[in-house]
Amino acid sequence: MKTSNLVAYPAATICLILAVSADSGPFDTLLKPFNIFRPQAPLHTMSPAEDQVSAGIIISDVIGKTQNIAIFSGLTRDIDPVSDRLDDASQNATVLAPDNTVMRGLKRKPWEDAKDYENYGEKAYNGDDGEDRAHWNLRRFVESHIIPESPWEEGKKVKTLAGREIWYESKDGKKRIQPGDVEVISIADKVSNGEVWVIGGSLAE
Ligand SMILES: *[C@@H]1O[C@H](CO)[C@@H](O)[C@H](O)[C@H]1NC(C)=O
């Protein structure tokens, strides 16, 4: 673990991080400085089973706490059908959240569509109609990254909320989402209504 990550945190926090490092996998170690801010069950009450899935905690509780997907998780809150779903304990989902680097490097903003510029020109996003178009595009972008089921098994073809069929394969210990060969960087959360995966690309068409 890089100590530079810890400088900003108080000493008690650092002790906690070190205390919980023992049982962590490779991704847990990377994310540890952020994990501690999640409202997980206190460590001393955790049974081995709860170590896998945090009981009673749902995606909407945790998605905002992972710093490297902050841009995408912010967008999920802007789309009501998506935020409602992630906040519904009875509906499972797998969130495939592009990390911030991916979001910053997108060719177009997630609310833009080349077709809109062809049809409406430079002012495609002006006025009420423009705002509707932007919102629709943003919704489609976010929904391209959400699968309405969890657990999601390797090789199983599923449709995203945007309707596109995807699956994943594991190679050399890394999951890769197909089509597009998008790398799964880590699994940030496993909670009672699903999982949040951090991915190294965009799944929007
Ligand atoms: C929802 O996710 C939880 C946690 O992974 C799992 O135990 C449960 O079986 C899932 N429910 C459905 C309907 O897939």
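Good morning. Please keep in mind that the model before you is predicted. How many salt bridges does a search of the whole structure find? The search finds five, and I shall discuss some of them.

I begin with arginine 140 and aspartate 113, whose side chains meet in a salt bridge with an N to O distance of 3.1 Å. This pair links distant parts of the chain, 27 residues apart. Arginine 140 lies in helix 9, which covers residues 127–143. Aspartate 113 sits in the loop between helix 7 (100–105) and helix 8 (114–120).

Are these two partners buried or exposed, or something in between? Aspartate 113 has a relative accessible area of 15% and is therefore buried, since buried means under 20%. Arginine 140, at 35%, is partly exposed, because its value falls between that limit and the 50% above which a residue is called exposed.

Let us turn to glutamate 149, which forms a salt bridge with lysine 156. Here the closest N and O atoms are 2.9 Å apart. Glutamate 149 counts as partly exposed at 26% relative accessibility, and lysine 156 counts as partly exposed at 35%.

The last pair I wish to present is arginine 176 with aspartate 181, a salt bridge in which the closest N and O atoms lie 3.1 Å apart. Arginine 176 has a relative accessible area of 23%, so this residue is partly exposed. Aspartate 181, with 36% relative accessibility, is likewise classed as partly exposed.

Thank you for your attention.

Notes. Residues are numbered from 1 along each chain as its sequence is written. This is a predicted model: local features need pLDDT of at least 70, side-chain atom pairs count only at pLDDT 80 or more; totals for chains, interfaces and linings use all residues. Side-chain values use heavy atoms; hydrogens and water are left out. A salt bridge is a side-chain nitrogen of Lys or Arg within 4 Å of a carboxyl oxygen of Asp or Glu. Helices (H or I, at least four residues) and strands (E, at least two) are DSSP runs, numbered from the N terminus. Buried means under 20% relative accessible area, exposed over 50%, partly exposed in between (1.4 Å probe, protein chains only).
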